[in-house]
Amino acid sequence: MRFFLAAFGLAMAMSGAAWAQTVTHDRLDNGMEVVVIEDRRAPVAVHMVWYRVGAADEPTLQSGIAHYLEHLMFKGTDELEPGEFSAVVEANGGRDNAFTSWDYTGYFQRVAADRLGLMMQMEADRMTDLTLSEEEWRPERDVILNERGQVVESQPGRVFNEAMLAALYKAHPYGTPIIGWRHEMETLDGDKAKAFYRQHYAPNNAILVVAGDVSFDEVMELARTHYGPIPANPDLAPQQRPMEPPHLAERRLTMEDARVGTPYVSRMYLAPTRHDTEQAAALQMLAAILGGSPTTSVLERKLNFEQGVALSEWANYSGMSRDYGMFSIGIAPVEGVSLEDAEAALDEAIASFIRDGVDPEQFDRVRHQIRASEIYALDDMQGRARQYGVGLSIGLSVPEIEGWIDALDAVTPDQVVEAANLLLDRRSSVTGYLTRPDTEVVN
Amino acid sequence: MMMRSLVALFLLVAAPLRAEVDITPVTTQSGLDAWLVEERSIPFIAVDLIFEGGATLDPESALGATALMAALLNEGAGEMDAQSFAIATEELAARFSFDAGRDTVSVSAQFLTESAPEAIALLNTALTQPRFDADALERVRAQMVASLRRDALDPNSIASRAFAEAAYPGHPYARPSEGTPESVAALTRDDLIAAHQGTIARDRVHIGVAGDIDAATLAPLLDALFEGVPEAGAPIPGRAEFAAEPGITRVPFEGPQSVIAFGHRGIPRDDPDFTTAFVVNEIVGGGRFGTRLMSELREERGLTYGVGAFLASGFLGESYQGRLSASNADVGQVIELIRAEWEKLVTDGVTEEELARIKTYLTGAYPLRFDGNGAIAGIMASMQFQGFDIDYVNIRNDLIDAVTLEEANAVAQRLYQPDALRFVIVGQPEGIN
């Protein structure tokens with residue numbers, strides 16, 4: 001099966017189709033999905049392989065194993081020495097890296113377009129042939145523990161965020177940090193990583209995304225050569241994830257840490273995902289209207305310009321996940337305003353927005369900017385590749401990914417206000433205060 | 001089997017990609033010089049401006065003035081207050097950002113081809129007629145003070161500041177570019193007006209443009225952009241000599257890890273050895289896997305999540321610095337390993353194989369930087385700021401390839417000074433004397 005889709009081929013008042021970039025989607029016989037984004041501006045390509053497995057698929061007592069495995073994938077295979085993968089990428093003038101989320105794990109290289117075959121050869125090799133000796137996995141476990149120390153435990157905002165998510169999700173593994181809990185990370189080892197790898201890494205659980213100075217036909221030919229021979233894993237079964245029970249009780253928490261520079265209030269709500277296109281689009285427009293501009297958005301105007309209670313405030317929607325989306329709001333008050341008063345002001349700003357409705361001029365400007373963002377997005381080859389990788393990983397179809405701007409364009413002001421009602425029901429939310437210990441004692 | 005073929009490829013990789021960037025020099029009627037890279041496939045234009053000077057121009061009595069001034073450039077200009085200016089920007093779907101650093105004030109703008117003249121006119125208003133309204137000033141000042149208070153509790157910021165103070169006593173480079181909570185709290189509107197007049201001037205600007213426009217169309221637009229920008233700004237301070245003594249500075253800070261900043265004197269950007277030093281540093285500390293520091297500290301021993309070293313060659317002075325975080329218990333071992341690496345570089349230098357590998361990497365990776373209008377406009381402005389010739393893009397890989405092992409090791413002897421290393425440790429380190 002083969003689809004030709006002109007990416008963002010939507011009628012734009014400002015230009016013709018000369019700048020449309022061709023996106024093509026197909027599948028190898030072994031089940032591996034392929035997306036090719038042609039962008040001929042420079043002789044460069046991005047090569048990405050995404051696995052539909054992440055931290056939300058980990059066995060109990062092994063939090064962090066998906067991310068640990070991502071690190072270990074740079075160790076040796078039966079044919080590559082430890083570290084050789086990156087060394088070969090470098091020797092070819094490329095850069096490589098990888099990332100882990102709850103729903104997916106991705107590996108990518110940026111190289112000259114004529115090195116694409118070599119990248120596929122190596123990526124295909126480590127899809128099934130990873131070898132892990134103790135002298136490889138043991139120091140790498142110290143690396144991830146140091147990573148947790150550096151990027152989480154040294155930053156109170158990140159520790160707070162872990163606590164918020166753990167409170168928001170009562171059952172689902174989105175409440176467990178991707179990097180893992182330290183006490184469980186300390187027990188991970190090569191055998192556990194290997195077992196996770198065997199269970200989840202296979203062509204029928206993978207998506208290849210290539211963007212850049214390439215043609216669809218040449219990518220497919222290379223993909224058949226390098227990935228084609230890897231047999232599908234017939235035992236591949238998606239990990240059954242615990243789902244959320246009904247949320248009937250609002251949760252609240254407070255964290256104090258002497259390293260907090262600016263205290264703030266944060267609230268997270270469970271929300272629909274992008275799989276519910278219409279709802280998701282309304283929530284995205286709501287986030288843009290409430291918090292999308294540091295000057296003209298509703299919360300900034302009310303809380304900063306009019307009332308002067310906020311240093312900053314935010315509203316974000318994230319729906320690019322498999323099971324649950326999230327809407328988050330928050331406020332960092334100016335000095336002299338308590339977190340309690342700041343939270344009340346934030347809630348009142350949202351309530352009055354729901355009473356008063358959407359300012360039609362602001363609504364038009366937001367729509368105009370979304371349209372323009374399509375054009376700016378074409379400048380970012382890697383960002384576009386990532387958009388397809390995330391979308392397919394979480395189970396969206398290519399038309400759903402590409403129809404997003406149209407879906408946003410179809411949202412009406414009434415739908416935005418309707419969507420805002422989500423924020424009035426705090427039963428599926430958690431509210432947190434991040435603050436310093438009693439300041440009189442500290443200062 | 002595959003192993004063999006990979007090794008073969010490893011050795012055979014030769015002709016790296018050329019950076020296929022066609023730069024057009026543009027001189028406008030009023031005498032502005034710009035570098036343009038035309039790219040007509042997407043209907044927007046990116047413009048980057050770099051003004052030399054930056055926070056080094058702040059008077060001692062007004063630290064943070066340039067940073068606060070830059071943060072206020074999109075908070076009201078001409079007839080428009082902050083709201084009106086933001087609305088005008090949104091109606092054009094233009095994107096403006098203003099930033100002040102230690103050495104520069106920089107402006108990045110992206111706008112659609114169809115509204116280029118309107119976007120340029122709006123940006124001109126921001127550059128020439130900022131209002132610094134009292135309400136905007138207080139709003140942004142409060143945000144900046146809060147951000148500085150966060151920095152004061154952030155071990156990385158604390159380490160950077162302590163290192164700069166040790167390195168450049170008495171020079172503006174020793175001062176925090178954004179000031180302190182106290183200095184910013186005391187800034188007046190007059191300080192901002194002075195900072196604006198001192199930093200935004202034609203005699204110190206470098207202009208890079210990329211996107212959907214040709215030279216003939218661009219030239220008058222640039223003249224319109226600079227209409228009313230004064231010819232000259234404030235005099236730029238003199239050179240900063242690196243003066244940190246060897247040794248260890250401890251800054252107590254509670255947390256599971258220590259941040260370690262280390263370094264000694266560096267190599268100026270216009271030094272004939274700079275390119276060679278750049279190549280050697282990429283082998284040692286280039287912030288990737290496979291560098292000597294990453295191999296020793298992370299891959300072999302798991303002592304850190306990441307470590308890098310960099311030639312901090314600024315506009316007025318230079319140093320050679322490295323940075324990492326490690327568990328408090330491991331700090332003593334980390335420092336010994338770093339010293340040992342420095343010793344090895346002096347006595348043994350780098351190897352022929354390391355040099356060959358890094359050349360292939362650097363020459364191959366160079367074209368990858370030019371990925372998109374936004375990136376290219378920034379590179380065009382930055383190359384001029386750094387004093388490169390317009391044909392540098394085409395000869396840069398030849399310069400890298402020309403570095404010999406003898407040159408690399410002579411420069412390693414000059415660059416690495418194990419006995420001069422100054423360490424700043426922010427945390428509760430163990431195992432150091």
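1. The two domains of chain B have their centres, taken over C-alpha atoms, 30 Å apart. Domain 1 of chain B covers 23-225 and domain 2 covers 247-379 + 388-427, with bounds that come from an automatic or database domain assignment. Where they touch, 31 residues of domain 1 of chain B meet 24 residues of domain 2 of chain B; a contact here is two residues whose C-beta atoms, placed from the backbone, lie within 7 Å.

2. A word on the basis: this is a predicted model, where local features need pLDDT of at least 70, side-chain atom pairs count only at pLDDT 80 or more, and totals for chains, interfaces and linings use all residues. Residues are numbered from 1 along each chain as its sequence is written, while chains are lettered from A and ligands numbered from 1 in the order in which they are written.

3. Back to chain B. On the side of domain 1 of chain B that touches domain 2 of chain B, two or more residues each come from β1 (23-27), β2 (33-38), β3 (44-52), β7 (104-112), α6 (155-167) and β8 (205-211) of chain B. Helices (H or I, at least four residues) and strands (E, at least two) are DSSP runs, numbered from the N terminus. α6(B) gives the most, nine residues. That side of domain 1 of chain B divides into 19 nonpolar, seven polar and five charged residues. Nonpolar takes in Ala, Val, Leu, Ile, Met, Phe, Trp, Tyr, Cys and Pro; charged is Asp, Glu, Lys and Arg; the others, Gly among them, are polar.

4. What about the two chains together? Their contact takes 56 residues from chain A and 63 residues from chain B. On the chain A side, the largest share, nine residues, comes from α4(A). The side of chain A that touches chain B has 22 nonpolar, 20 polar and 14 charged residues.

5. Have a look at the open sheet of chain B, five strands in the order β9-β13-β10-β12-β11 with mixed pairing; strands pair if DSSP finds at least two bridges between them. β9 (247-252) and β11 (307-313) of chain B stand at the edges with a single partner strand each, so one side of each has no neighbour in the sheet. Inside the sheet, nine bridges join β10 (257-265) to the antiparallel β12 (318-327) of chain B. Arg265(B) has Ser319(B) in β12(B) as its bridge partner.

6. Last, a helix pair: α3 (82-92) and α4 (116-128) of chain B pack at about 160°, axes 10 Å apart. Axes are lines fitted to C-alpha atoms, for helices over the stretch in contact, and angles run from 0 to 180 degrees between N-to-C directions. α3(B) and α4(B) are therefore roughly antiparallel (an angle over 145 degrees). Ala88(B), Thr89(B) and Leu92(B) in α3(B) meet Glu118(B), Ala119(B) and Leu122(B) in α4(B).

Terms used
Parallel < 35°, antiparallel > 145°, perpendicular 65-115°, else oblique.
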